[in-house]
Each structure stands twice: as C-alpha cells, then as structure tokens.
Amino acid sequence: MSETGGVREVKSAARTVELLELLAARGDRPARLQELADALDVPRSSMYALLQTLIARGWVRTDVTGSLYGIGIHALLTGTSYLDSDPRVRAVRPYLDEASEALGETIHMARLDGRDVAYLATRESHEYLRTISRVGRRLPAHVGALGKALLAERPDETLPEAPYEPFTPHTHTTRESLAADLAEVRARGYSVDREEGVPGIVGFGFALRYDSPAQDAISCSVPVARLSAGHEERIVAVMREVRAKIEATAPAAGGSVHWR
C-alpha cells in the first residue's frame, strides 16, 4: 500500500475515489462495466459490487438496462456543499457580480488543483454572443488566463513537464514558450489568453494574492468579435479594481479553519 502522511492508504477507499473521479471526468459519456474494470485494473466482479454499492447511495447512476454507468446526484450535492462552506468563494461572489454588471462579460473564479484549475463560480454574459463555462469544470493550468495567472505566481522550476496538450493552435505546448509568457504576466500584473483555450475567446486573468503563492484567480472572458482596444483597457481597469477590493476584504484562509 502507498502511504500518505505516514498513514497507509486504504485500498478500497482509494478505489472508490478513483472510480468517482473517472466517471466525473467522462461527463456525458456513460461507461460500461468492463470499461471501468479495465481502466482501474480491478476484477469485473469487484467493480460490479462497488458500482452497486455506490448506486444504492446515490453516488453513481445507471440506465434502465443496468449496463451503463455515470456520476450520481450525490456528487453534485457534495460539490455544492464545498462551495457553500468556502468563505473565499462567498466573499468573492459579490465582486463577480460587480464585474459582470460593469463589463457585461463572463466572469470566473477558479482555484489551482494540481496541474489544473477548477472553476468555482461563474457569472455569464447577457450578450447573445458569449462564452460558456460551468462551475466544476477543470482545465489544465497552461491553457487559459486563470491558470497562467496562478502559474506566474510560482517559480518556473515548478512548471509541469512538457509537452502540454494543445487545445487550439495558439496553446503553449513547451515549457520555454509558457515560461516566456509567464514572464510577461509578472511584468504586466495579469495574464492574457488569446484563443489559447477556446477559438474566438480572449481571457484576462488576475491572481488573488490573499495567499502566497496565490491559489485563486478571477478572469474575464470575451469573444474576439467584441474586443476592441478600448474595451480591453476597460476590462483590465475594472478587473484590477475588483481584485484590489477582494484582496482587501477576503477572510483568512479557510475562515476559522485553516484547510490544507
């Protein structure tokens, strides 16, 4: 067994978490029993028993034939509890509303989680042409404005090993290219994602420095077709002001509880 903090890992618990993470990552693509058994390298009978246990508790759902499996509603309830209990997310939400009202564009908050960023809050633009992103979505940190804003808060030596997955022709795929961009982020004070994650979308990312190094960031995403030089200047000015307000009012990490 592997060890975590000097305590041996519980194999059954680890397998349960791995299964839930696998189903969550598949999104709207349900999986068959054999696929899951193969992916986690466990016997088919053991996988079936685990699935039935999780179905009974609402963590996994199955179709009417009992042959397809997907993530269950209890995963949503637990995720919602995480958001509701996080004092940082609660503190940031009003300022996301402020930025959204001022700019009329899509505003995000995300948190660094390993090599990825996880979206914690989103305010969608009211414009017909807008970006679409959802709470709970994960993206590799090298891809967009949120991740680059947070990577720039760390030494280049900590960057993930390349090559990086390309999402568009503009995505950084080498450490050298990404490091050069991050140097510009540090000098500028914010990150810019020009169609690196989604074609036709530009993002502006701002690390929230109430932690060191920053764990959270906010961003504004706007379609290229609506991005003039004047609009870009206003986005940067508003987001800088909003970041300053958040950093001045955000509670201590984890509130009264200091989470690891």
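## Helix 1 and its cover

Which residues of helix 1 are buried? They are A14, L19, L20, L23 and R26, with buried meaning under 20% relative accessible area (1.4 Å probe, protein chains only). Helices here are DSSP runs of H or I, at least four residues, and strands are runs of E, at least two, numbered from the N terminus. What covers those buried residues includes strand 3 (31-32), helix 2 (33-40) and helix 3 (44-56), along with strand 4 (60-62) and strand 5 (68-71). Just past helix 1, G27 takes a positive phi of about 60°.

A quick note on the source: this is a predicted model, where local features need pLDDT of at least 70, side-chain atom pairs count only at pLDDT 80 or more, and totals for chains, interfaces and linings use all residues. Residues are numbered from 1 along each chain as its sequence is written, and side-chain values use heavy atoms, leaving out hydrogens and water.

## Where helix 4 meets helix 5

The axes (lines fitted to C-alpha atoms over the stretch in contact) of helix 4 (residues 73-85) and helix 5 (residues 87-103) come within 5 Å and cross at roughly 70°. The two helices are therefore roughly perpendicular, a label for angles of 65 to 115 degrees. L83, D84 and S85 of helix 4 meet P87, V89, R90 and R93 of helix 5; contact means heavy atoms within 4.5 Å.

## The cores

The largest nonpolar core has 29 residues; such a core is a set of buried Ala, Val, Leu, Ile, Met, Phe, Trp, Tyr and Cys joined through side-chain atoms within 4.5 Å. V92, M109, F204, I218, I235, M239 and I246 touch the most other members.

Conventions:
Buried < 20%, exposed > 50% of the residue type's maximum accessible area, 1.4 Å probe, protein only. Axes fitted to C-alpha atoms, helices over the stretch in contact; angles between N-to-C directions. Parallel < 35°, antiparallel > 145°, perpendicular 65-115°, else oblique.
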